[in-house]
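Welcome! Please take a look at the sequence and the model before reading on.

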Amino acid sequence: MCGLIAALSLSRAGPPVDLARVARATAALAHRGPDGETHWHDPAGRVAFGHRRLAIIDRAHGAQPFTSEAGDVVAIANGEIYDHLALRRTLAARGHVLRTQCDAEVLVHLWQDHGAELTHTLEGELAFVLWDVRTQTLLASRDRFGVKPLVYAVHEGVLWLASEAKALLAAGLPRAWDEVALHHAVSLQYPPPSRTLFAGISQLPAG
């Protein structure tokens with residue numbers, strides 16, 4: 001189990017992402033990743049990532065984010081890619097250079113080969129966020145069954161994504177109950193699939 005946070009300014013001309021808020025959000029996920037905390041942001045300040053790591057595969061070299069050979073594709077992930085060994089062999093045969101043994105590193109190289117269709121090549125339970133510096137494209141995805149969580153919200157012109165709503169609240173997003181979702185949780189034991197208990201914070205659909 002790891003924890004991730006991502007922030008994207010929705011306007012290229014807008015102010016840069018507040019890195020202090022990203023740091024607070026990442027720190028709020030410390031319980032999900034006791035083995036390390038890392039941050040990344042693009043030079044223009046439009047996008048920033050934070051990651052808390054639970055080190056399982058390649059404990060020495062698997063710190064995130066992962067980047068492509070040229071550094072123009074960046075990804076962070078939570079979970080496990082079951083078929084990563086087969087994917088690594090295929091990617092290496094195509095000329096990709098993978099620097100670690102960590103499963104999530106395949107994401108940046110699969111994006112280069114398949115674009116958003118990379119999600120159809122993955123077997124596992126995971127949530128990830130990927131940023132293509134060259135095309136200014138952000139991709140966020142969860143596994144087909146939604147085992148790993150990923151929530152999102154838009155606030156003050158910034159798209160925020162995180163493994164838990166508490167990270168977004170730590171970043172300074174408004175704190176308010178979603179009364180409809182709360183009613184569902186109390187009466188049915190879970191909120192509607194696309195909602196959380198917090199107003200303005202939604203769950204990314206599975207798949």
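Predicted model: local features only at pLDDT ≥ 70, side-chain atom pairs only at ≥ 80, totals over all residues.

The points below start with backbone features, then move on to strands and aromatic rings.

**Backbone features in the loops**

- E156 lies in the loop between β8 (151–155) and β9 (158–162). Its phi is positive, near 50°, even though E156 is a residue other than glycine.
- Q136 is another residue to look up: it is not a glycine, yet it has a positive phi of about 55°. You will find Q136 in the loop between β6 and β7 (137–142). With a relative accessible area of 24%, Q136 is partly exposed.
- A cis peptide bond runs from Q64 to P65, with omega near 10°. P65 sits in the loop between β3 (47–52) and β4.

**Strand β5 and its partners**

- Strand β5 covers residues 73–81, and seven of its nine residues are buried, so the rest of the structure largely encloses it.
- β5 pairs with strand β4 (residues 66–67) in the antiparallel sense, over two bridges. T67 has V74 in β5 as its bridge partner.
- Five residues lie between the strands in the hairpin of β4 and β5, and there G71 takes a positive phi near 80°.
- β5 also runs antiparallel to strand β6 (residues 124–132), and nine bridges join the two. Here G79 stands opposite L126 in β6.
- As a general point, side chains in a regular strand alternate between the two faces of the sheet.

**Aromatic pairs**

- How many aromatic pairs does the structure hold? There are two aromatic pairs.
- W40 and F49 form a tilted pair, 5.5 Å centre to centre with 45° between the planes. Both W40 and F49 are buried.
- W177 and F198 form a stacked pair, 5.6 Å centre to centre with 15° between the planes. This pair links distant parts of the chain, as W177 and F198 are 21 residues apart. W177 is in the loop between α4 (165–170) and α5 (179–188), while F198 is in the loop between α5 and β10 (202–203).
- Is W177 buried or exposed? At 53% relative accessibility, W177 counts as exposed. F198 is partly exposed, with a relative accessible area of 22%.

Technical notes. Residues numbered from 1 in each chain as written. Heavy atoms only, no water. Buried < 20%, exposed > 50% of the residue type's maximum accessible area, 1.4 Å probe, protein only. Helix = DSSP H or I, 4+ residues; strand = E, 2+ residues; numbered from the N terminus. Pairing = 2+ DSSP bridges. Phe/Tyr/Trp six-rings, centres within 6.5 Å; stacked < 30°, edge-to-face > 60°.
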